[in-house]
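Visitor: I have a structure open and would like to go through a few places in it. Can we start?

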Amino acid sequence: MLVVDQYEGRVFDDYEEAGAFSGSVGYPELVRRGLEAVADLPDGLVAAGFSNGAAMAEVVATQRRCSGALLLSGALPLGMLGASSWPAGTPVQVHYAEHDPFRRQEWVDALLADVSASGSGVEQFDYPGAGHLFTDPSLPAEHDPRAAELLWERALAFLQQSVDRTARLDG
């Protein structure tokens with residue numbers, strides 16, 4: 001497992017500060033950092049990310065042979081990423097709180113339509129609540145332990161399916 005650090009060690013306790021920082025770095029630079037970080041990993045990886053990291057996982061999945069993409073509290077239309085289509089055979093799982101303040105359902109719908117059009121499997125899971133990072137116990141105002149547990153069960157099953165799929169392709 002590799003955790004990509006696009007922010008060069010910076011962490012934030014405030015969404016506005018994080019957004020301002022990522023805006024100052026610029027999306028093209030964040031994409032470059034993300035792709036550079038995974039350049040030496042073998043094909044067949046699962047690209048995964050939270051929030052802005054979910055968009056980076058989408059970029060990786062459109063530019064590398066991945067066995068899946070796991071998008072947690074983030075999804076962008078492919079056009080916003082400069083991609084024209086989703087790679088066939090790359091399944092996606094999208095997880096969001098129903099009332100996540102950063103969720104744009106039209107963006108989620110556009111991505112899901114593109115993934116479906118490629119013939120790839122796609123699953124969308126919605127959880128009650130309004131926490132953007134509801135899996136994070138360090139954010140008590142957002143954390144939902146039951147929803148987090150269910151998300152992790154589903155994500156782990158998706159990862160196992162991806163491992164099995166890669167083994168079949170490589171075997």
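Guide: This is a predicted model, where local features need pLDDT of at least 70, side-chain atom pairs count only at pLDDT 80 or more, and totals for chains, interfaces and linings use all residues. Residues are numbered from 1 along each chain as its sequence is written, and side-chain values use heavy atoms, with hydrogens and water left out.

Visitor: OK. Where is Ser22?

Guide: Ser22 is in helix H1, residues 15–25. Helices (H or I, at least four residues) and strands (E, at least two) are DSSP runs, numbered from the N terminus.

Visitor: Is Ser22 buried or exposed?

Guide: Ser22 is buried, at a relative accessible area of 16%. Buried means under 20% relative accessible area, exposed over 50%, and partly exposed in between, with a 1.4 Å probe and protein chains only.

Visitor: And which residues is Ser22 in contact with, leaving aside neighbours within four places in sequence?

Guide: Tyr7 and Leu30. Contact means heavy atoms within 4.5 Å.

Visitor: Switching to helices. At what angle do the axes of H2 and H3 cross?

Guide: Roughly 60 degrees, and the axes of H2 (residues 27–38) and H3 (residues 52–63) come within 10 Å. That makes H2 oblique to H3. Axes are lines fitted to C-alpha atoms, for helices over the stretch in contact, and angles run from 0 to 180 degrees between N-to-C directions. Under 35 degrees counts as roughly parallel, over 145 as roughly antiparallel, 65 to 115 as roughly perpendicular, and the rest as oblique.

Visitor: Which residues meet there?

Guide: From H2, Tyr27, Leu30, Val31, Leu35 and Val38; from H3, Asn52, Ala55, Met56, Val59, Val60 and Gln63. Nine of the residues in this contact are nonpolar, two are polar and none is charged. Ala, Val, Leu, Ile, Met, Phe, Trp, Tyr, Cys and Pro count as nonpolar, Asp, Glu, Lys and Arg as charged, and the others, Gly among them, as polar.

Visitor: Now Tyr96. Which strand is that in?

Guide: Tyr96 is in strand S3, residues 92–97. At 3% relative accessibility, Tyr96 is buried.

Visitor: What does the side chain of Tyr96 reach?

Guide: The Tyr96 side chain reaches the backbone nitrogen of Gly74 at 3.4 Å and the backbone nitrogen of Ala75 at 3.1 Å.

Visitor: Last one, Glu8. What is its phi?

Guide: Phi of Glu8 is near 50 degrees, a positive value in a residue other than glycine. Glu8 lies in the segment before H1 and is exposed, with a relative accessible area of 59%.

Definitions and conventions
Polar contact = N/O pair within 3.5 Å; in protein donor to acceptor, adjacent residues only side chain to side chain.
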